[in-house]
Amino acid sequence: MNPVTGLSLGRIAIGTAALARPDLVTRMFGVDVAANPQAGFVARLFGSREVALGVATLAASGRGRTVLVLLGAGVDLADAVAGHLAPREQGLEVLDARVMTGVASGAVLSGLLGLRSGTRGTRPGTGV
């Protein structure tokens, strides 16, 4: 499976979970839901973003898909930075923040690898 397709399906899965069970997803990220009652709201914002980006990337082709993959990599990079800063700035446990940073960094790499593998054997400028 192309890494871009896998990443897109992963986005849809985690986004759907965040929309349906924000409490569960928030706890998976190490956030104390009882101490942060707004966490479910923020998880749903995250979930809608992930579903939209995953579906749009799967539906796109050519340059449009390339742009969406790069956009997703930028979003994932921002998530990695947020995970890196979270222990110091938001009091998140270091291990939880490292897991989030690792997952987000892996998504960046997956998207970029998908672009790289998708450009081999295609017409120049068509992308994935």
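## Salt bridges and helix packing

Arginine 21 and aspartate 23 form a salt bridge, with the closest N and O atoms 3.0 Å apart. A salt bridge here is a side-chain nitrogen of Lys or Arg within 4 Å of a carboxyl oxygen of Asp or Glu. Arginine 21 is partly exposed at 42% relative accessibility. Aspartate 23 is also partly exposed, at 26%. The cut-offs are under 20% relative accessible area for buried, over 50% for exposed, and partly exposed in between (1.4 Å probe, protein chains only).

This is a predicted model, so local features need pLDDT of at least 70, side-chain atom pairs count only at pLDDT 80 or more, and totals for chains, interfaces and linings use all residues. Residues are numbered from 1 along each chain as its sequence is written, and side-chain values use heavy atoms, leaving out hydrogens and water.

### The salt bridges

The structure holds 6 salt bridges. Side chains of opposite charge can pair when their charged atoms come close.

| Salt bridge | N to O distance |
|---|---|
| Arginine 21 – aspartate 23 | 3.0 Å |
| Arginine 49 – glutamate 50 | 2.7 Å |
| Arginine 49 – aspartate 79 | 2.6 Å |

Glutamate 50 is buried, at 4%. Arginine 49 sits in helix H3 (residues 39-59) and aspartate 79 in helix H4 (residues 62-89), so the pair ties together parts that are 30 residues apart in sequence. Helices are DSSP runs (H or I) of at least four residues, numbered from the N terminus. Aspartate 79 is partly exposed, at 24% relative accessibility. Shared partners join Arg11, Arg49, Glu50, Asp76 and Asp79 into one salt-bridge network.

### H3 against H4

H3 and H4 pack at about 155 degrees, with their axes 9 Å apart. H3 is therefore roughly antiparallel to H4. Axes are lines fitted to C-alpha atoms, for helices over the stretch in contact, and angles run from 0 to 180 degrees between N-to-C directions. Roughly antiparallel means over 145 degrees; under 35 is roughly parallel, 65 to 115 roughly perpendicular, and the rest oblique. The H3–H4 crossing is left-handed (the near helix is turned anticlockwise from the far one by less than a right angle).

On the H3 side, the contact residues are Phe46, Arg49, Leu53, Ala56, Thr57 and Leu58. H4 supplies Arg65, Leu68, Val69, Leu71, Gly72, Val75 and Asp79. Contact means heavy atoms within 4.5 Å. The H3–H4 contact has 8 nonpolar, 2 polar and 3 charged residues. Nonpolar covers Ala, Val, Leu, Ile, Met, Phe, Trp, Tyr, Cys and Pro; charged covers Asp, Glu, Lys and Arg; the others, Gly among them, are polar.

### H1 and its contacts

The axes of H1 and H4 come within 12 Å and cross at roughly 55 degrees. H1 and H4 are therefore oblique to each other. Their crossing is left-handed. Val4, Thr5 and Arg11 of H1 meet Arg65, Val69, Gly72, Ala73 and Asp76 of H4. These residues divide into 3 nonpolar, 2 polar and 3 charged.

Leucine 19 also lies in H1 (residues 3-20). Leucine 19 is partly exposed, at 35% relative accessibility. Its C-alpha atom is 5.4 Å from that of glycine 47, 28 residues away along the chain. Leaving out residues up to four places away in sequence, leucine 19 touches Arg44, Gly47, Ser48 and Val51.

Conventions:
Helix = DSSP H or I, 4+ residues; strand = E, 2+ residues; numbered from the N terminus.
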